[in-house]
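Hi,

Have a look at it first, then read on.

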Amino acid sequence: MAQESSHGRTAAPQRPLHRVVVIVDENSNPFELGCATEVFGLRRPELGRDLYDFTLCSAEPRTLMRDGFFTLTGVAGLDAADTADTLIVPNRPDVEVPRRPAVLDAVRRAHARGARLVGFCSGAFTLAEAGVLDGRRATAHWQWADDFRARFPSVLLEPDVLFVDDGDILTAAGSAAALDLGLHVVRRDHGAEVANSVSRRLVFAAHRDGGQRQFVEHPMPALKDESLAPVLAWAQERLDTPLAVADLAARAAVSPATLHRRFRAQLGTTPLAWLTGERLTLACRLIERGESRFEVVARRSGLGTAAHLRMLMRREIGITPSEYRHRFGPPSAPR
């Protein structure tokens, strides 16, 4: 595998690309490495620009991957971690084995200079062992929750969510949640429109809220089709109308309580939380496309008022609509 992504072959951008560096350690999981490469390392011709400068690095010239599946060579040395704007730390199934001191030192240096840290699955153990998670929120795979709490009691573990965004440190619960967190990072950096484009290329859900449960129930199929797909598609076409949970239940021809159970079982969230998330995503896309009147954005996305829009964006995204427009709106939009 090449040390650098193909970004080096493109024309130099006006501003340096955000640099994502992944540390690969002995016995690292190939799947999460693949997730990082898919989200951050590929060229984006469909967008007309690249999103990140992507690099793999390792403490050794030859790194044996999980269970000896293959050996990784030809990547950068560990000093590449010192150039990262975002550093993705190693995740391995042998959580009881201490990480290399050199790797932990690289994580500490990155944190000290203000780089963003990301841990997929057992990568939370790497971050905790480096000492950067003390007093911070994080998640890890449910299978290791008890072990994690016992070893790192000062970390505020949230074991029943897909991922946790704690500002400059982000953690994902399991393998597939690495894609959810990766898309969340793209959304933070480049907006909802770009994140949706990346998710379409992945053929993956554009947005699953980090607070959803790590796993959903899969009951034995009944004779009657209980898929939520028809009612979800119906609701997505009517986000600008005053939809309520009762309307979704009526469309699905079930009681609100039954609808709630199906949402929990199939999506791991509630109908209201799903509806709010869809409306917020639509609001972000309207701002990105140039709508500068926040009352109009709120009305067309079904969020009601500009005040409600501001409250939700602050709570869910961490910035105001004006800040979002400044970061992701078209160049002609008011700044």
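Predicted model: local features only at pLDDT ≥ 70, side-chain atom pairs only at ≥ 80, totals over all residues.

**Salt bridges**

Arg149 forms a salt bridge with Asp146, and their closest N and O atoms are 3.7 Å apart. (Salt bridge here means a side-chain nitrogen of Lys or Arg within 4 Å of a carboxyl oxygen of Asp or Glu.) Both residues sit in helix α4 (residues 145–151), 3 residues apart, about one turn of the helix. Arg149 counts as partly exposed at 39% relative accessibility, while Asp146 is exposed at 62%. My cut-offs there: buried is under 20% relative accessible area, exposed is over 50%, and partly exposed is in between, using a 1.4 Å probe and protein chains only.

Residues are numbered from 1 along each chain as its sequence is written, and side-chain values use heavy atoms, with hydrogens and water left out.

The structure holds 23 salt bridges. One of them pairs Asp25 with Arg100, with the closest N and O atoms 2.5 Å apart. Asp25 is in the loop between β1 (18–23) and α1 (30–41), and Arg100 is in the loop between β6 (86–88) and α2, so this pair ties together parts that are 75 residues apart in sequence. (Helices are DSSP runs of H or I with at least four residues, strands are runs of E with at least two, and both are numbered from the N terminus.) Asp25 is buried at 2% relative accessibility; Arg100 is partly exposed, with a relative accessible area of 26%.

Another salt bridge links Arg66 and Asp67, with a closest N to O distance of 3.6 Å. Arg66 is partly exposed at 31%, and Asp67 is exposed at 55%.

What does Ser58 touch, leaving aside its neighbours within four places in sequence? Its contacts are Val24, Thr63, Val75, Ala76, Gly77 and Leu78, where contact means heavy atoms within 4.5 Å. Ser58 lies in strand β2 (residues 52–58) and is buried, with a relative accessible area of 5%. Its side chain makes a polar contact of 2.5 Å with the side chain of Thr63. A polar atom of the Ser58 side chain also lies 3.4 Å from the backbone nitrogen of Glu60. (A polar contact is a pair of N or O atoms within 3.5 Å; within protein, one must be able to donate a hydrogen and the other to accept it, and residues adjacent in sequence count only if both atoms are side-chain atoms.)

Ala110 belongs to helix α2 (residues 101–112) and is buried, at 0% relative accessible area. Setting aside neighbours within four places in sequence, Ala110 is in contact with Leu87, Ala115 and Leu117. The C-alpha atoms of Ala110 and Thr83 are separated by 8.4 Å, with the two residues 27 apart along the chain.

**Helix α10**

Helix α10 (residues 271–288) has 18 residues and spans 26 Å from first C-alpha to last, close to the 26 Å expected at 1.5 Å a residue (that is, 1.5 Å times one less than the number of residues). It is mostly covered, with 13 of its 18 residues buried. Just after α10, Gly290 takes a positive phi of about 115 degrees.

Cheers
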